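Thanks for coming, everyone. Let me put the model up on the screen, and then we can walk through it together.

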Amino acid sequence: MKRVLFIFLNMIAATAYCQGPPISCETPVMLGLEGNGIRTFGKFIKKEHSNVYIQPIGIPYNVTTKFQIGSIIPYKRVRLAEEVTNSGIADVTIFAKYQLFKKDMTAKTFRVLVKVKQTLPTGTQVSSNRYNTYFGLVIGRVASTIGTYGDVGFIYNSEQASDKIAYNFSLGIPLLKPQYPQKQINVFLEFNGNYLIDNKANTLFFSPGFQFIPGRRVLFETSFQKPIVEDESSLNKTKYRMIVGTRFLIN
């Protein structure tokens, strides 16, 4: 009887988590569409004096249920106002996540993770030419009715770039009732910001998004990001950013 109850509660929990990971905020859930899989998306950035297109491929791998490693390999294309275009493979990032705390309840879960990222100056024409190290904390509460996510981290930059504090918040709202097999449509209201420590300047984006999960192994998502607080010292401000992407679960 206990085994039957355990399986039943796990099915309820799996249905709740089908809400899907946030689009532009870290997720504390290591399994499902953030487990052993592939994520890719096109990110278009419209600036005052340039246009940027980035197509990263992220490959996460769950070593255990508490420990995840992965890499991100981006293609980047930069077009300046003078019609000069540079493109190629940009700097590669490797990362690791470790789950510090987990509390699963009926149709909801609360989790806390620590994340470390290292970006290497491996790119050519579109390389930043510096090392970038990130240490952060990821917190999330996922339920069948709503999901709340947040992350905050410190970014150390080598060379002359300012160090940063990056922070994100996401609110996920499912539009369909929980069901099994998994099928879900979600709306996300997200905020993405960073604070330049040396310049004492803050930039904050409001990022509404839409997500469709037709089954357990695939997910489609899009997000429109508009700055609501800008770094006044920037010489090439961002007008908006657009993300369209997908995620595949391998196993």
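Among the contacts in the protein chain between residues at least 6 apart in sequence, 54% join residues at least 24 apart. Please keep in mind that this is a predicted model.

What are the elements? Of the 251 residues, 44% count as buried. The accessible surface comes to about 13,300 Å², and carbon and sulfur atoms account for 64% of it.

Let me start with the strand pairing around β9. Strand β8, residues 147–157, runs antiparallel to strand β9, residues 164–174, and nine bridges join the two. If you want a spot to look at, phenylalanine 154 stands opposite isoleucine 165 in β9. These two strands form a hairpin with six residues between them, and in that turn glutamate 159 has a positive phi of about 60°. Then β9 also pairs with strand β10, residues 184–196, again in the antiparallel sense, over 11 bridges. Here serine 170 has glutamate 190 in β10 as its bridge partner.

While we are on phi angles: most residues other than glycine have a negative phi. Alanine 107, in the loop between β5 and β6, has a positive phi of about 65° although it is not a glycine. Lysine 200, in the loop between β10 and β11, also has a positive phi, near 55°. Buried or exposed, then, for alanine 107? Alanine 107 counts as buried because its relative accessibility is 16%, under the 20% cut-off. Lysine 200, on the other hand, is exposed, with a relative accessible area of 64%.

Now over to the end of the chain. Threonine 246 sits in strand β13, residues 238–249, and at 12% relative accessibility it counts as buried. What does its side chain reach? The side chain of threonine 246 comes to 2.7 Å from the backbone oxygen of leucine 219. Leaving aside neighbours within four places in sequence, threonine 246 is in contact with Ile38, Arg39 and Thr40, and also with Val218, Leu219 and Phe220.

Strand β13 also takes part in the aromatic story. The structure holds four aromatic pairs. One of them is phenylalanine 44 with tyrosine 240, a tilted pair with 6.2 Å from centre to centre and 45° between the planes. Phenylalanine 44 lies in strand β1, residues 37–47, and tyrosine 240 in β13, so this pair ties together parts that are 196 residues apart in sequence. Ring pairs link Phe44, Phe224 and Tyr240 into a cluster.

Arginine 217 is in the loop between β11 and β12, and its C-alpha atom is 8.8 Å from that of glycine 37, although the two residues are 180 apart along the chain. Arginine 217 is partly exposed, with a relative accessible area of 39%.

The charged end of arginine 241 sits over the ring of phenylalanine 205, 3.7 Å from the centre. The charged end of lysine 117 sits over the ring of tyrosine 134, at 4.8 Å from its centre.

My last stop is threonine 119, in strand β6, residues 108–120. Threonine 119 is buried, with a relative accessible area of 15%. Which side chain does it meet in a polar contact? The partner is threonine 93, and the two side chains are joined at 2.8 Å. Not counting residues up to four places away in sequence, threonine 119 touches Asp91, Val92 and Thr93, together with Arg130, Tyr131 and Asn132.

That is my tour. I am happy to take questions.

Note on methods:
Residues are numbered from 1 along each chain as its sequence is written. This is a predicted model: local features need pLDDT of at least 70, side-chain atom pairs count only at pLDDT 80 or more; totals for chains, interfaces and linings use all residues. Side-chain values use heavy atoms; hydrogens and water are left out. Buried means under 20% relative accessible area, exposed over 50%, partly exposed in between (1.4 Å probe, protein chains only). Contact means heavy atoms within 4.5 Å. Accessible areas come from the Shrake-Rupley method with a 1.4 Å probe; for residues, only the protein chains shown count as cover. Two strands pair if DSSP finds at least two bridges between them. Helices (H or I, at least four residues) and strands (E, at least two) are DSSP runs, numbered from the N terminus. A polar contact is a pair of N or O atoms within 3.5 Å; within protein, one must be able to donate a hydrogen and the other to accept it, and residues adjacent in sequence count only if both atoms are side-chain atoms. Rings of Phe, Tyr and Trp (its six-membered ring) pair if their centres lie within 6.5 Å; planes under 30 degrees apart count as stacked, over 60 as edge-to-face and the rest as tilted. A charge sits over a ring if NZ of Lys or CZ of Arg is within 6 Å of the ring centre and within 35 degrees of the ring normal.
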